[in-house]
Amino acid sequence: MTSRTVTLLDVARAAGVSKSTVSDALQGSGRVAGATRDRVRAVAEELGYRPNSAARRLRRASTGAVGLHLPATATRLDYYMNLAFGAVERAQEDGLDLVLLAPSGASGGRIASRVDGLLVIDPEAGDSAVPGLLDAGVPVVTGERYLGPAAAPSGAVVCDNAASLTALLDHVAERGARRPAVLA
């Protein structure tokens, strides 16, 4: 015996209302009486209804995905791998997919049709993909400033490295370090 997915129509039939009433009741929109909304939600719960995320995205004209572009050096540095896995984890928490973009050859036009926004981490002025991504027609947030010739991103998350290093050196000096060294 196979179990099939419970649809909006199944909930509508069981609750004795229209499909649009079920949709409005479950989304908390439209003009649905409180008693009807409660009945529809109870029936949906009883039947095990789960919203179809693909249908919702289609209706909202969104992909439910965010693109992540890392610099070409990303595969050689643990920092970027941790960042990528952290981004995947956070995207999943928000019900989004994360699309990892190839470090070179990304075309803004092709990418824009597959994602709702882009994260461009440590954008390098010489990275040929970055101008196309910034022109993709979707919001772009960079991790650090982009100093290249292309359009500016929608936003940037910038770390104050000088202040961080000063705080670190103050911290080790307070603990007695007199000649700290950095190994990189």
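1. Tyr-79 is exposed in this predicted model, and its relative accessible area is 51%. The value lies just on the exposed side of the cut-off, because exposed means over 50% relative accessible area. Tyr-80, by contrast, counts as buried, with a relative accessibility of 8%.

2. These two tyrosines also belong together as a pair. A search of the whole structure finds one aromatic pair. Tyr-79 and Tyr-80 form this pair, with 5.0 Å from centre to centre and 80 degrees between the planes. A pair of aromatic rings is described by the distance of the centres and the angle of the planes. The pair is classed as edge-to-face, because plane angles over 60 degrees fall in that class.

3. The overall plan of the protein comprises eight helices and five strands. Along the sequence, these elements follow the pattern α-α-α-α-β-α-β-α-β-α-β-β-α.

4. Some totals describe the protein as a whole. It has 184 residues, of which 28% count as buried. Its accessible surface comes to about 12100 Å², and carbon and sulfur atoms account for 55% of that surface. Among contacts with a separation of 6 or more, 43% are between residues 24 or more positions apart.

5. Which residues of α1 are buried? They are Asp-10, Val-11, Ala-12 and Ala-15. An α-helix has 3.6 residues a turn, so residues three or four places apart point the same way. The buried residues of α1 pack against α2 and against α3, which spans residues 34-47. Just after α1 comes Gly-16, with a positive phi of about 70 degrees.

6. Helix α1 covers residues 8-15 and helix α2 covers residues 19-27. Their axes come within 8 Å and cross at roughly 100 degrees; the two helices are therefore roughly perpendicular to each other. On the α1 side, the contact involves Leu-8, Leu-9, Val-11 and Ala-12, which meet Lys-19, Val-22, Ser-23 and Leu-26 of α2. By class, this contact has six nonpolar residues, one polar residue and one charged residue.

7. From α2, the residues Thr-21, Val-22, Asp-24, Ala-25 and Leu-26 take part, meeting Thr-36, Arg-37, Val-40, Arg-41 and Ala-44 of α3. The residues of this contact divide into five nonpolar, two polar and three charged.

8. Most residues other than glycine have a negative phi, and most peptide bonds are trans. Asp-122 is not a glycine, yet it has a positive phi of about 45 degrees. This residue is in the loop between β3 (117-121) and α7 (129-134). Asp-122 is partly exposed, with a relative accessible area of 22%.

9. Where does Glu-144 lie? It is in the loop between β4 (140-143) and β5 (155-157). Glu-144 has a positive phi near 90 degrees, although it is a residue other than glycine. Its relative accessibility is 23%, and Glu-144 therefore counts as partly exposed.

Notes:
Residues are numbered from 1 along each chain as its sequence is written. This is a predicted model: local features need pLDDT of at least 70, side-chain atom pairs count only at pLDDT 80 or more; totals for chains, interfaces and linings use all residues. Side-chain values use heavy atoms; hydrogens and water are left out. Rings of Phe, Tyr and Trp (its six-membered ring) pair if their centres lie within 6.5 Å; planes under 30 degrees apart count as stacked, over 60 as edge-to-face and the rest as tilted. Buried means under 20% relative accessible area, exposed over 50%, partly exposed in between (1.4 Å probe, protein chains only). Axes are lines fitted to C-alpha atoms, for helices over the stretch in contact, and angles run from 0 to 180 degrees between N-to-C directions. Helices (H or I, at least four residues) and strands (E, at least two) are DSSP runs, numbered from the N terminus. Angles under 35 degrees count as roughly parallel, over 145 as roughly antiparallel, 65 to 115 as roughly perpendicular and the rest as oblique. Contact means heavy atoms within 4.5 Å. Ala, Val, Leu, Ile, Met, Phe, Trp, Tyr, Cys and Pro count as nonpolar, Asp, Glu, Lys and Arg as charged, and the others, Gly among them, as polar. Accessible areas come from the Shrake-Rupley method with a 1.4 Å probe; for residues, only the protein chains shown count as cover.
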